[in-house]
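Please read them with the structure open.

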Amino acid sequence: MPLFSKFSRRGILPGFGLTLGVTLLYFVIIVALPLLAMLYKSVNLGWGDFWTIISSERALATYRITVGAAALATMFNALFGVLLTWVLVRYDFPGRRFLDAVVDLPFALPTAVAGLALVTVFSANGWFGQYLEPLGIKVAYAPLGIALAMMFTSIPFVIRTVQPVLEDVATDVEEAARSLGASNWQIFSRIIWPAIFPAFIAGCSLSFARSLGEFGAIVFISGNLPFETEVMSLLVFIRLDEYDYPAAAALATVMLVTAFVMLFITNSIQAWQLRYAERS
Amino acid sequence: MQNAADLVAPAISSQASPRHGKPALRRVHWLLIASAIFLSILFIGVPMLVIFTYAFRGGVAVYFSQITQPATLHAIWLTVLTAIVVVPINMLFGICVAWLVTRFRFPGRRLLITFVEIPFSVSPIVAGVTYLFLYGSQGLLGPLLDSYDIKIMFTVPAIFLVSLFVTSPFVARELIPLMQAQGSEDEEAAITLGATGLQTFFYVTLPNIRWALLYGAVLCNARVMGEFGAVSVVSGAIRGQTNTLPLQIELLFNDYNVTGAFAASSTLALIAVVTLVLKYILERKQTS
């Protein structure tokens, strides 16, 4: 390991060369090489073909449906997440710890199982569907079902990002405000909300990013109709099934670039949140 | 049971308990608690309930006859095998990454942490597609593999590889913050006293991180067993050969065998519940 001795001299602990080598080798083989292989395939298409594929009518429809449903799911999870976090952190009630543990279930439950359960509950003769469909609310095999599947699979994001920050909001500041005559609403909107806002936005962007790429839960409930209930991930899968590999590569590249943009946004927000935390 | 847990460890925020405060405010508190519980039951409780209700709809005998169908049994075996192969490898990778980025300072360290977490932000479908364009006959290494008559796509090794991709950050993500917080004084003392690197790791580091390591492994395992999108791209879903349990669920559902699909789902739902229980226990062990 003489190559790395320049760095390992900084400490007395061994293993710098070994762990660096293993990490880089594993990362290149398992993560980087496949990603580059797909990008290479896309680049080989040439800009003209690439643009034709990703701007086709059917592709544009999937962007609209995916982004719309993801936005709806994220909005719901934002409200539900803040409510649940507030209740879990601020109040004490029987079953609080149980609720705190159960919140992670959507992450632990396989997406296919979630999709199967949701479509069964919301189909025309399901537990909820039988009451919703006569009212004209169609969830299963409709855009609303896509939003529901996205919502379920990303419930914990907002809660788990806001929870530690809300726990850290100093109660003495609130008590000071209260003793100075601030109302409950003033305390929430002027003290608590600004403190949890960066974490809240970070949680929302994680939730949104996850929803854009969701597949397993959606295939069960969406009905998969082109132009109506077809999401981006599903169109990629269909193109693969048709052995249209160039189209699959191009569309998957769009998803990958979108994911990287979302990752960049989330990381920037979290860096901002860190600065905010250090300042206060 | 939850009440007992609350007695043992008093709630962190009991100072804001709804038992205190003005009656009007107390009503708001209980209203918020009630709506949070109601929504959780509606969106998390009901889907869980429906899985077990439908799985046992025809009685226990029907349930077991569905579970023991050869194709479902094979899918269970393949899913377990994948976890046995993938989880230990990603545990080792996680330990390597965590040791590297928490025990040494070097240029590009922050970038490396971001890179390691990339699989979390990649859609499972995209993960599957990338492997297709590396090892598939249309892919980068396709011609090379063909010339040696090696087939990776649509075989069991492809399922292992794509599962390694999808779950590679799980263990590292649990270990990095913990090892960062613990610092390296203990290890430095051991080395100064003449311990070898391996002795230091097994007698000093490992006891400090064992619960977080196990916790990461449990989360990794849950994801490996439940992965659907990535596996469905690379497996070819050949019944009795390359069909994992989540894929088998979709097959049964498309065959209109709803009870069979729910019976298969109930095994994965049970694993999810066990995962949450273990997570709860391990988290408390690590922090205590």
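1. Domain bounds here come from an automatic or database domain assignment. The model is a predicted one. For chain A the assignment gives domain 1 as 14-45 and domain 2 as 56-279. The centres of domain 1 and domain 2 of chain A, taken over C-alpha atoms, are 30 Å apart. Their contact takes 5 residues from domain 1 of chain A and 5 residues from domain 2 of chain A. On the domain 1 side, those residues divide into 3 nonpolar, 1 polar and 1 charged.

2. Chain B is also assigned two parts: domain 1 (19-55) and domain 2 (58-287). Here 33 Å separate the centres of domain 1 and domain 2 of chain B, over C-alpha atoms. In the contact, 5 residues of domain 1 of chain B meet 8 residues of domain 2 of chain B. What classes make up the domain 1 side of chain B that touches domain 2? That side has 5 nonpolar, no polar and no charged residues.

3. Now the overall build of chain B. The chain has 15 helices and 0 strands. Its C-alpha trace spans about 75 × 65 × 30 Å along the principal axes. Of its 288 residues, 43% count as buried. Take the contacts in chain B with a separation of 6 or more: 74% of them join residues 24 or more positions apart.

4. Next, the contact between the chains. Chain A gives 81 residues to it, and chain B gives 84 residues. Which helix supplies the largest share of the chain A side? Helix α2 (residues 16-45) of chain A does, with 16 residues. By class, the side of chain A that touches chain B has 60 nonpolar, 13 polar and 8 charged residues.

5. One helix pair between the chains can be checked by eye. Helix α7 (residues 111-122) of chain A and helix α14 (residues 245-254) of chain B have axes that come within 9 Å and cross at roughly 25°. Angles under 35 degrees count as roughly parallel, so α7(A) is roughly parallel to α14(B). The α7(A) side of the contact is made by A:A112, A:V113 and A:L116. From α14(B) come B:P246, B:I249, B:E250 and B:F253. By class, this contact has 6 nonpolar, no polar and 1 charged residues.

6. B:E187 deserves a look. The residue lies in helix α11 (residues 185-192) of chain B. Is B:E187 buried or exposed? B:E187 counts as buried, because 25 C-beta neighbours lie inside 10 Å. Leaving aside neighbours within four places in sequence, B:E187 is in contact with A:L13, B:T200, B:V204 and B:T205. B:T82 is 105 residues from B:E187 along the chain, and their C-alpha atoms are separated by 34 Å.

7. Phi of A:Y141 is near 60°, a positive value in a residue other than glycine. Phi of A:Y243 is also near 60°, again positive in a residue other than glycine. A:Y141 sits in the loop between α8 (129-132) and α9 (143-153) of chain A. A:Y243 is in the loop between α14 (232-241) and α15 (245-279) of chain A. Their surroundings should be read separately. A:Y141 is buried, with 20 other C-beta atoms within 10 Å. A:Y243 is exposed, with 9 other C-beta atoms within 10 Å.

8. On the record for chain A: an unreviewed UniProt entry places "domain: ABC transmembrane type-1" at residues 63-266. In the model that span is 76% helix and 0% strand, with end C-alpha atoms 21 Å apart. The unreviewed entry also annotates "transmembrane region" at several spans of chain A, including 61-87 and 107-128. Residues 61-87 of chain A are 100% helix and 0% strand, and the end C-alpha atoms are 39 Å apart. Residues 107-128 of chain A are 64% helix and 0% strand, with the end C-alpha atoms 23 Å apart.

9. On the record for chain B: UniProt (unreviewed entry) gives "transmembrane region" at several spans, among them 28-56 and 76-100. Residues 28-56 of chain B are 97% helix and 0% strand, and the end C-alpha atoms are 40 Å apart. Residues 76-100 of chain B are 100% helix and 0% strand, with the end C-alpha atoms 36 Å apart.

Definitions and conventions:
Residues numbered from 1 in each chain as written. Chains lettered and ligands numbered in written order. Predicted model: local features only at pLDDT ≥ 70, side-chain atom pairs only at ≥ 80, totals over all residues. Axes fitted to C-alpha atoms, helices over the stretch in contact; angles between N-to-C directions. Helix = DSSP H or I, 4+ residues; strand = E, 2+ residues; numbered from the N terminus. Parallel < 35°, antiparallel > 145°, perpendicular 65-115°, else oblique. Contact = placed C-beta atoms within 7 Å. Nonpolar A, V, L, I, M, F, W, Y, C, P; charged D, E, K, R; others polar. UniProt positions renumbered as here; feature names shortened; annotations may be inferred. Buried ≥ 20, exposed ≤ 12 C-beta atoms within 10 Å, placed from the backbone.
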